[in-house]
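Thanks, everyone. Please have the viewer open. I'll keep this brisk.

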Amino acid sequence: MKRCLIAAMKWHYAGPSPLFENSMAITETTLINAGVQIGLINNETLPELRLKARRERIKLLEAVTREGRFPVSALYQAVAELRSMPFMATKDLKPAEDLIEKIPSNLMIRRNFMPVRLKDGSVLLAMADPDDHVSLDSVRRLLGIKLTPGLADAEALETAIRRLNGNADADVVASENSATELLEGILKDAYLRRATDIHFEPEEKGMRIRFRVDGHLQEFKRALSNSEKEGVLTRLKVLSNLDISEQRISQDGGLSYQFTDWDIRALDMRIATVPTRYGERVTLRLMGQGTEGLTMEQLGMPPEILKEVRKAVNAPHGILLVTGPTGSGKSTTLYAGIRELDSDDLNILTVEDPVEQVVDGITQVQVSQKVSFPAILRSFLRHDPDVILVGEIRDSETADTALKAGMTGHLVLSTLHTNNSISAVNRLIDIGCEHYLISSTLLGVLAQRLIRRLCSHCKEEKQATPAEMEFLKVTENVNIYHPRGCPACLGTGYKERIGLYEYLGVDEGLAQKIGEGADIQELEKAAVTHHRLMEDGRAKVLAGLTSIAEVKRLNFED
């Protein structure tokens, strides 16, 4: 049975709770020094960061993490690595309940430690201060055994201890200020982790928060109580101009969030709500995280594909399609293509839902309930366009209008949801497009995926095994890289993502087959320019950019 640990505790993200004011934690200086030693922080920039911190009235630690764009937990992990200690992420902080019953609750609260049972059954003592020998001795006397210490982020550990009481402050009504502070703290952590999405997931006793980072979900260091949940959701709805009184239907909107004490540009976000059993679930999409201004060279396309795509982007008329699942970077690729064009010489119009990146010198239109993709496209044709970007082809009317625009002297760039490049032809036919329109208009199809890039700080080089050589289709011994995990990548072994690309160029022979209504097998035989996703995946493994496990995870057809 869990013990009631902190029944009277009030929680605020911006600082430690009253019962934890004397809790043990690593000093700011220790964390920063560890970051310097491990290579996360450039020692030469510290004087300038101290000045910035004073000017903006924030802590030096906050200025350092913002400058490097990594969370404080990365510095705790750096300390753990330097001291050869296990580091315990938020997901690892699962209490060993049989041992907790033997330890006074006020001792765990005051010293900020907790026995934790790992997945393999072993037990560690999660601590926020590696030099807290008093706690180690106290636990040894109380339990009669010596536990190996493991280091954890102080705030994450504090939260885990709080959860032992099942969110004791659930009945405390969160004030507007605390909701504002909570939301700001969540968004700051998402920014530091370079998250693309934030998931607010309601539970019976509060709300779980997770970030999507490099395509994978990571848990935020703390959960919200029921009262905090209501305050944060209300705050989000107010900022997004959503109906705060409506909780029974889904709502969509957008917001631009400016941090109160950080001198950086505002975060543009898209918001979606949906009612669930335990309250409203909210998902935030953070727009353009690290993708603004990317050029086509920086996308990681193989040279032969880059040459073909550039040729299509600079064509006087026709349509270029970029395909792939949601979140595969299609819009980023289209924006990179648009930036290569001379907006001073060309009239470039875009229709999007929503506008994800603002590009100077072009006209960007966002669809709404009153104005659809086809309606805006038809209007565009009366505005003397040279290039039209269509955010997504979703229906037959949009596809038909886009193809006819490409046939009548305009260059059209758009996206489509298909698994590979060759399937785009069948997809257009399935939604009602005429074969002759596709064959006479389609310039090419670029299929793409995003995979995680190996962390440059910690990737390990090893000789490929026979099975790995077979997968890579090489006959001579080669060395490839594997993920290890370090503070720079938060222990994942990967940092940021890179694209895998497949291109289908439409020449006269293939266009003729499309016009004749040939099936996929015949189209593949007729394709002269057809690079495969798997080929690019193998090439990027051999180049040391990613791992075999990442390529296999996407389950490509060979």
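This is a predicted model: local features need pLDDT of at least 70, side-chain atom pairs count only at pLDDT 80 or more; totals for chains, interfaces and linings use all residues.

Let's start with helix α1, residues 28-38. Angles under 35 degrees count as roughly parallel, so α1 is roughly parallel to α3. The crossing is left-handed. Which residues make the contact? From α1, they are E28, L31 and I32. From α3, they are L60, L61 and V64. By class, that contact has five nonpolar residues, one charged and no polar.

Now turn to α1 and helix α4, residues 72-82. Here the axes come within 8 Å. They cross at roughly 70°. The range from 65 to 115 degrees counts as roughly perpendicular, and α1 and α4 are therefore roughly perpendicular to each other. On the α1 side, the contact uses T30, L31, A34, G35, Q37 and I38. On the α4 side, it uses V72, L75, Y76, A78, V79, E81 and L82. The class count is nine nonpolar, three polar and one charged.

Next, burial along a helix. An α-helix has 3.6 residues a turn, so residues three or four places apart point the same way.

Take helix α11, residues 303-313. Which of its residues are buried? They are I305, L306, V309, A312 and V313. Look down the axis of α11: the buried residues fall within an arc of 125°, so they line one face of the helix. The face turned away from that buried side carries the exposed residues P303, K307 and K311. What do the buried residues of α11 pack against? Two helix and strand neighbours to find are α12, at 330-339, and β11, at 318-323, both among the elements they pack against. The others are β15 (411-416), β16 (442-454), β19 and β20 (530-531).

Last stop: helix α18, residues 508-515. L510, A511 and I514 are buried. These cover an arc of only 100° around the axis, which puts them on the same side of α18. Exposed residues E508 and Q512 sit on the face turned away from the buried side. The cover over the buried residues of α18 includes α15 (423-430), α16 (435-441), β19 (494-505) and α19 (520-526). Finally, α18 is followed by G517, whose phi is positive, near 80°.

Notes
Residues are numbered from 1 along each chain as its sequence is written. Side-chain values use heavy atoms; hydrogens and water are left out. Axes are lines fitted to C-alpha atoms, for helices over the stretch in contact, and angles run from 0 to 180 degrees between N-to-C directions. Helices (H or I, at least four residues) and strands (E, at least two) are DSSP runs, numbered from the N terminus. Angles under 35 degrees count as roughly parallel, over 145 as roughly antiparallel, 65 to 115 as roughly perpendicular and the rest as oblique. A crossing is left-handed if the near helix is turned anticlockwise from the far one by less than a right angle, and right-handed if clockwise. Contact means heavy atoms within 4.5 Å. Ala, Val, Leu, Ile, Met, Phe, Trp, Tyr, Cys and Pro count as nonpolar, Asp, Glu, Lys and Arg as charged, and the others, Gly among them, as polar. Buried means under 20% relative accessible area, exposed over 50%, partly exposed in between (1.4 Å probe, protein chains only). The arc is that of the directions from the helix axis to the C-beta atoms.
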